[in-house]
Amino acid sequence: MLGMTLTRFIIEQQRQFPGVSGRFTSLLEGITTAAKIIGREVNKAGLAETMGLTGRINVHGEQVQKLDEFANTTIIHALDHTGLLAAMASEEMEDFYPIPDPHARGPYILVFDPVDGSSNIDVNVSIGTIFSIYRPPGSAAATAESFLRPGREQLCAGYFVYGSSTMLVYTTGRGVHGFTLDPTIGEFLLSHESIRIPERGAIYSVNEGNAAGWSSGVRAYVDSRKEGGCSARYIGSLVSDFHRNLLKGGVFLYPGDRKSPEGKLRLLYEASPLAFVAEQAGGAASNGTGPILDLAPKTLHQRVPLAIGSRLDVEEFEAAVSGEAPGGD
Ligand code: P6P
């Protein structure tokens, strides 16, 4: 018996929630097609030409992995002809990408991190793709400002995690649902319906190698996790750390520090999409002073301090750092 496919699930959601337009469905299906192709390359990275570096440096001064470039191009080609998107923006592109043919444009915009955690590709650690869809006001062609929207305006957000299996976890504002790819039929099948994150977790995820630069509030909070008997779990791949904490409960932190007061992670295509998923699952996501979803980026690649996961764990983080300047003392 075939399980609940992603396509059937979306159709049934549309019946239940008339507001969800069918055009949306094609967008989500286009993204999953791209993810299947990316996942195939990830799973054979050791054998194919996909491993290693391109020799290019991206806009952030980071080395570009071959898979970063491959995934970025794959997503663009899977969606640029759908007639649904006005433009796209990605971690791998300095500026946004307007759909070239004005007749092939639509009302939505897509932002994505094509391969998050790409430095883990060569050591066989799970990585992911993060995506988010907006419908900016006005029908004119997209501009840079079209992308600088508060995360609350997202229509859909989610991620793929290429791990022991390939999973899609997404929300359209009506709960969080997980689908697992059955590679024998190439279909994403519903495996985690209505995911809820425990309101308190027993896991904390943070790179303690940065501790020397943390504020006293961040240090006190991390110490409180240890004194509380929490387990430290840190994969170094945001999607994987977030996914584990979403299912088991816990908190992921990438706070600012003296060197980088705004932390490392990007607001538009990393923190905001995961914050939408976290809140829809009953969790929370904060920059230390307030919800991530209330923040509108000032630039495409703006960084933001991030605490995300179980609601009570995030609230305690906000209390621990309240009154501190970003990046601490
Ligand atoms: P650090 C991967 O490079 C990434 O962007 C996220 O996936 C991950 O959570 C973070 O950086 C890890 O950063 O500084 O701890 O190696």
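Q: Helices are DSSP runs of H or I with at least four residues, and strands are runs of E with at least two. Which of these elements each supply at least two residues of the lining of the largest pocket?
A: The model is predicted. The elements are strand 2 (63–65), strand 5 (108–116), helix 6 (238–248) and strand 13 (251–254). Strand 5 gives the most, with 3 residues.

Q: What is the volume of the largest pocket, and which lining residues are the closest to its centre?
A: The volume is about 490 Å³. Of its 27 lining residues, Glu62, Gly117, Ser118, Ser119 and Lys264 are the closest to the centre.

Q: Why is the ligand said to sit in the largest pocket?
A: A molecule sits in a pocket if more than half of its atoms lie within 2 Å of the grid points. The ligand sits in the largest pocket, so it meets that test.

Q: How do you know which residues surround the ligand?
A: A residue is near if one of its heavy atoms lies within 4 Å. The shell includes Asp116, Asn207, Phe252 and Leu265. By class, it has 5 nonpolar, 4 polar and 2 charged residues.

Q: What classes make up the lining of the largest pocket?
A: That lining has 7 nonpolar, 9 polar and 11 charged residues.

Q: Why is the second largest cavity called a cavity?
A: In a cavity, a 1.4 Å probe fits but cannot get out; a pocket is open. This cavity has a volume of about 30 Å³. Among its lining residues are Val206, Asn207, Trp214 and Asp257. By class, 5 are nonpolar, 2 polar and 1 charged.

How values were computed. Residues are numbered from 1 along each chain as its sequence is written. This is a predicted model: local features need pLDDT of at least 70, side-chain atom pairs count only at pLDDT 80 or more; totals for chains, interfaces and linings use all residues. Side-chain values use heavy atoms; hydrogens and water are left out. On a 1 Å grid over the protein atoms alone, a cavity is a set of points where a 1.4 Å probe fits but cannot get out, and a pocket is an open set with protein on both sides within 12 Å along at least five of seven lines; lining residues have an atom within 4 Å of a point. Ala, Val, Leu, Ile, Met, Phe, Trp, Tyr, Cys and Pro count as nonpolar, Asp, Glu, Lys and Arg as charged, and the others, Gly among them, as polar. Grid points are joined across faces, edges and corners, and a volume is the space filled by probe spheres set on the points.
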